[in-house]
Amino acid sequence: MELFIKGIGCISPQLTYDNPDFLPGIKKYAGNRMMCIEPDYAPYFDAGSLRRMSRVVKFSAAAALIALKDSGITQLDAITTGTGYGLLENSEKFLKSMAESTGPVLSPTSFIQSTHNTVGATIALITGCNAHNNTFSHKGFSFESALIDARLMVAEGATHVLVGAHDEISEKTFALMEKLDVFRNNNEADINAYEKGSSGIVAGEGAAFFILSDKKGESDYGVLMDNIIFYHPENAIEVKQHIEAFLEKNKLALENIDVVISGINGDAKEDAVSHEINHLLFAHQTIVLFKHLCGEYMTASSFGFWLAAKILLAQQVPETVILKNRHRKPGYILLYNVFQNDHSLMLFKAC
Amino acid sequence: MEVYIAGKGIISAIGLNVEETLQSLKAGKSGIGTQTNLTGRRDSNLPTGEIALSNAELASMAGLSADYSRTALLSMIAAKDALADADINIKGLKCGFISATTVGGMDKTEKFMASFIRDGEVKDIGRILYHDSGAITELVAEALGIKHFVSTISTACSSSANAIMYASRLIKTGVLDMAIAGGTDAMSLFTLSGFNALMILDENYCTPYDDNRKGLNLGEGAGYVVLVSEKVAGKLSKAPAVKLTGYANANDAFHQTASSPEGKGNYLAMQGALKMSGLEISAIDYINLHGTGTANNDLSEGMAIQRIFGERVPKSSSTKAFTGHTLGACGGIEAIFSMMAIEQKMIFPNLRLKTPMKELGFVPVTELMEGVEVKNVLSNSFGFGGNCSSLIFSKVN
Amino acid sequence: MATLKKEIFEQLNLQHVKPEDIAYDQPLFVEGLGLDSIDALELIVLLQQKYGIKLANPAEGPKIFYSIKTMAEYITAHKKQ
């Protein structure tokens, strides 16, 4: 079932909010992490609410409110969210209080705000939305599962669904991942470095939310035609079979795809399959990368979704994201993301 | 198209499998007692519904490494049992594993973090590798050989009810032919300390729906059901006795942890489930209450129930007096209790209820009822963040 | 009481009002600052951590935390030396 993208909101390591320009330049990060550029939150939340919200709750709920405003929709029929790690800073804060406190009572606020559905719940609270509200937490399938849930709710009669995802870089977890030797240092977000790849990822974070509907409108960004997930394929041949079956199911051939948005993250080992697929199937498509803009995190594909929506509306692909083949007008876009062998495909088309 | 339940698997403080669980329910034997596995904070002295096995013993039952999170071990035991109970060969079928958890690998992580946060000591960093919810699910999916579709839901106490709903929707729309759906949560100091900080734990054994109730007891466990499409149901060696006929999730949108006094989210969830099932309110024979034993929940839930059922509230009980509040697993575990009520023609008692709540016009059942025709059961699971879910299970004719 | 006011502001992370704007006998909950049940729990933590007073029954909370003045009086009466 096709879903029209009616509104988008994104807070990320790039200036993706309050910015009418579409990636006019990009912010490059040295080092091994990219943190969000955050707005002043006063216009979004009252001070009474703000005092309890951790950073990720603020930037995620703000992204959702931006999407809502962007769409002009006031009535939501469902809210579905994905988050890989949930609310890390709050969890760490509570763990710290457990470790350091000698008394019998602990401050409850960080515990309360550590449950994975805190962002979804906060959005419901702010918008007064009593509708279906779900939160998925499954690695590279978190955002994708939420998208599927949105489609399932629309199939049951929902008209407008708010779907999104969020993940944050938090101090202790980041320090631990450094010890696990997961990261590499950013060489100035040079997109060509991603082609070659080295070892390790650059950590990222962000939130992206979208209003989807089965009702066509006057100012839609584009159409999400379909999305699927597939788990731990054995090799590139199996991935190829999934891609071909997915396109066939949607009555398309490989040649119909104009732009491929790829979740290549610069780690040669993790990217091997994506490179092979690009080589096998997409020699003639415009290949676009996005993780040099937002870093790698479990729900980074939601940033890719934001990028797809912007490209569809502008009918133009910014130079700064093109890896190769500049010539194709973005009619059909395929987003292919991999996170630790969780694979996802999203198919978009222009209105 | 209807969704049938082909199998069930469960582990909790009242039994290591379906049979033991049923015996405890019939005998009125609660599993709540003194904590033995966790130490380290004063909170660990509170009564809980703990499974009286060590991680090594659970690992042996599960056929997994004892180094894995207890959450994963419990999940494996119950999911494996559910699949075996269904007696289906999943090969050739589009089979999904939809799990749910709130704790995830926190039981391991918190031990690691205690020393890391205090003095930066990095000891056995491998313990944190399976911290996230998805990691727990994938450990079990791998062991069960399920590859077609995996996902995890985490919405506090309504998690596994939401997992069952998601799985059902995936089957109805043809994405899946069948799914193992439910949830798991192990005891952790993080959760114990957290709930204690909210001051909603009872220092004694909990008394849900009692006028003098003081709070909840935490529990641990896992519960999964095997959902199948009508087509698959027709091919099973054992014809399903129960089907999932209605469900809904709604949000209270009132407060992060407290329910609105009138239980708006609770009301909308129950109403939505009833609407989907097409059943009249008089057709509901039993309500498995969320009934945690907190002042807030039992009142909000009770008010919402009265708003829907009026003078004629069906027989009801909270089984959390047996198992404790198993958090992310409770939707799955109580789905199985609901099924048992139908299959065994029983209504399980609400233990330790002495003084009915003065605000309510109905009183949960306090003695086991046998030989009762139970055709339709409503099961409630309400979580933090106003996340309210209701499921309706019905007898197959 | 000035110290207590400062501690309350810190514990509850109050940013939307200035300490000068809250009188010592002003109601803290419902109207006034619009504090809620979670704030009440935080104030119980404050009593324990800063003054060594354990409040076992949260139901007593509304009376004790009615205003900064009532809180100060309770602390004076129950503080462990």
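This is a predicted model: local features need pLDDT of at least 70, side-chain atom pairs count only at pLDDT 80 or more; totals for chains, interfaces and linings use all residues.
User: How many bridges join β1(A) to β5(A)?

Analyst: Two strands pair if DSSP finds at least two bridges between them. In this case seven bridges join β1(A) to β5(A) (residues 206-213), and the two run antiparallel. β1(A) also pairs with β6(A) (residues 222-231), again in the antiparallel sense, over three bridges. There A:Phe4 stands opposite A:Val223.

User: Why is β1(A) called largely enclosed?

Analyst: A residue is buried if 20 or more other C-beta atoms, placed from the backbone, lie within 10 Å of its own; 12 or fewer makes it exposed, and in between it is partly exposed. Eight of the nine residues of β1(A) (residues 3-11) are buried, so the rest of the structure largely encloses this strand.

User: Now the chains. How many residues does each side bring where chain B touches chain A?

Analyst: Residues are in contact if their C-beta atoms, placed from the backbone, lie within 7 Å. Chain B brings 47 residues and chain A brings 47 residues. Elements giving two or more on the chain B side include α4 (106-119) and β8 (242-251). That side has 19 nonpolar, 20 polar and eight charged residues. Ala, Val, Leu, Ile, Met, Phe, Trp, Tyr, Cys and Pro count as nonpolar, Asp, Glu, Lys and Arg as charged, and the others, Gly among them, as polar.

User: And how many residues of chain A touch chain C?

Analyst: 11 residues of chain A are in contact with 12 residues of chain C. α1(A) supplies the largest share of the chain A side, three residues.

User: What domains does chain B have?

Analyst: Domain bounds come from an automatic or database domain assignment. Chain B splits into domain 1 (3-234) and domain 2 (245-395), with 20 Å between their centres, taken over C-alpha atoms. In chain B, 60 residues of domain 1 are in contact with 51 residues of domain 2. On the domain 1 side, α6(B) gives the most, with seven residues.

Note on methods
Residues are numbered from 1 along each chain as its sequence is written. Chains are lettered from A and ligands numbered from 1 in the order in which they are written. Two residues are in contact if their C-beta atoms, placed from the backbone, lie within 7 Å. Helices (H or I, at least four residues) and strands (E, at least two) are DSSP runs, numbered from the N terminus.
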